[in-house]
Amino acid sequence: MNTLTAGTIAGEFHARRVRGLKADVLRLVEKVIDDGVFHGGRRVRELEAVAGERWSGHAAATSSGTMALECAVRALGIGAGDEVIMPALTFVSTAFAVAAAGAVPVFIDIDPRTRTLDPAAAAAAMTPRTCAVIPVHMHGLMADMTAIAALAGRHGLAVIEDCAQAAGATDTGRPAGSVGDIGCFSMWVGKNLGGLADGGLLLARDPALLPLLRKLTDLGRDGERNTHHLRGSRGRMGEIDAAVIRHQLDLLPAWTDRRRNLAARYTDALSTLAFGTPGDAETRPHTYYKYPLTMPDPASAAALMTHLGRTGITTEQVYPHAVPHQPALREITHRTTDITVTLDLLPRTVCLPLAPELTDEEADRVIQAVHDFHAARV
Ligand SMILES: Cc1ncc(COP(=O)(O)O)c(C=O)c1O
């Protein structure tokens, strides 16, 4: 039998993960139903307390990562006409959150080795209107927070860390989200730490920001139901999601180890080929939300994806388009600087399946399929 066609391997594994946790999830949901409290209860508070302690900050749970970014931008007073620097390689929400506040996203290039915001490009993109920078911790690897914090300190910029892809990552031992003013996490079901559908978390360095962040996520309320102190969003997390995410928070370190083991398996087996493999960056260990291979050119990336697809292996390009090139950006005032590296890398990227739920046998099938592709082309 041809092992390469023995079943399909998905690009994402959250269905398998949630199925694996089904008994625990049902038990947690049942307890919430029995208690009869669905919002603003002890489970949200516990998740915030534990995440805040583990990630060295002060946490407020939200309905999504997008909501966390929107609230962070508003809480830091970023508004009309302000410029906010961010990498062109990110998810649209980073830019949408800035635009929602009337501010201007300024897209800059990435470091080709780490695919995270290039601090030198950030320095070059500054104008008198620049008020903040949003480093995005891409694919599970933190941006160079030492350089970014130094730049922000020199110029009085606010720093919002987009930690959507990097729960549990560190830079010089500092947890993602704890270095900037506010860290924004996505707890979408497919992230390294996810709930059942959507969720998110704000991590503030200054506890004095928490009451404002909470109001922003709860329609401007301050714990009392009928008074709305400011224009907030319907952006809080519910008790069921909080219970499920809290449960998974304890599993995250082992899941991250598993991701690293699988990444090492890929890298050991693929490093003899002429394809770029991801890895740690100096003080920043990778947590492998994604495992991006860098192919020599866009045609070979497309051909590899087709080849793997034919053998039942799903791959993805996270992301195929730079954010400033999305059609939606036509309705957003923005500025784009030189993003040559981003535009060169995106079409050459192929993310191989990687998740704690991937078996060693499945990883070996992926490796074999990539080797077969390489052998057929040389
Ligand atoms: C880099 C980045 N920023 C922001 C978000 C938005 O998070 P969410 O999907 O939870 O709204 C995501 C997730 O998709 C992301 O990957």
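Predicted model: local features only at pLDDT ≥ 70, side-chain atom pairs only at ≥ 80, totals over all residues.
I took the division as domain 1 (18-249) and domain 2 (251-377). Their C-alpha centres lie 24 Å apart. For the contact, I noted 49 residues from domain 1 and 42 residues from domain 2.

Next I checked the area. Interface size is often given as the accessible area lost when the parts come together. Here the area buried between domain 1 and domain 2 is about 3,700 Å², and carbon and sulfur atoms give 59% of that. On the domain 1 side, I found that Phe-107, His-139 and Asn-192 lose the most area to domain 2. Together these three make up 20% of what that side buries.

**Entry: charges and elements at the interface**

I asked for salt bridges across the interface of domain 1 and domain 2 and got two. I also wrote down the pair Arg-335 and Glu-83, whose side chains meet in a salt bridge at 2.9 Å, N to O.

Which elements supply at least two residues each to the side of domain 1 that touches domain 2? My list reads α5 (92-100), β3 (104-108), β6 (170-171) and α9 (239-249). Of these, β3 gives the most, with five residues. Sorting that side of domain 1 by class, I got 28 nonpolar, 14 polar and seven charged residues.

**Entry: the ligand**

There are 16 residues around the ligand, and I noted Gly-65, Thr-66, Asp-162, Ser-186 and Lys-191 as the ones that come nearest. Then I went through some polar side chains. An N or O atom in the side chain of Thr-66 sits 2.5 Å from a ligand oxygen. For Ser-186, a polar side-chain atom is 2.7 Å from an oxygen atom of the ligand. Gln-165 also puts a polar side-chain atom 3.0 Å from a ligand oxygen.

Most residues other than glycine have a negative phi, and most peptide bonds are trans. I went looking for exceptions and kept two.

Where is Ser-56? I placed Ser-56 in the loop between α3 (42-54) and β1 (58-62). Its phi is positive, about 55 degrees, although Ser-56 is not a glycine.

The other exception is the peptide bond from Val-318 to Tyr-319, which is cis, with omega near 10 degrees. I found Tyr-319 in the loop between α11 (298-310) and β11 (335-336).

Key: Residues numbered from 1 in each chain as written. Heavy atoms only, no water. Domains from an automatic or database assignment. Contact = heavy atoms within 4.5 Å. Buried area = accessible area lost by both parts, 1.4 Å probe. Salt bridge = Lys/Arg side-chain N within 4 Å of Asp/Glu carboxyl O. Helix = DSSP H or I, 4+ residues; strand = E, 2+ residues; numbered from the N terminus. Nonpolar A, V, L, I, M, F, W, Y, C, P; charged D, E, K, R; others polar. Near = heavy atom within 4 Å. Polar contact = N/O pair within 3.5 Å; in protein donor to acceptor, adjacent residues only side chain to side chain.
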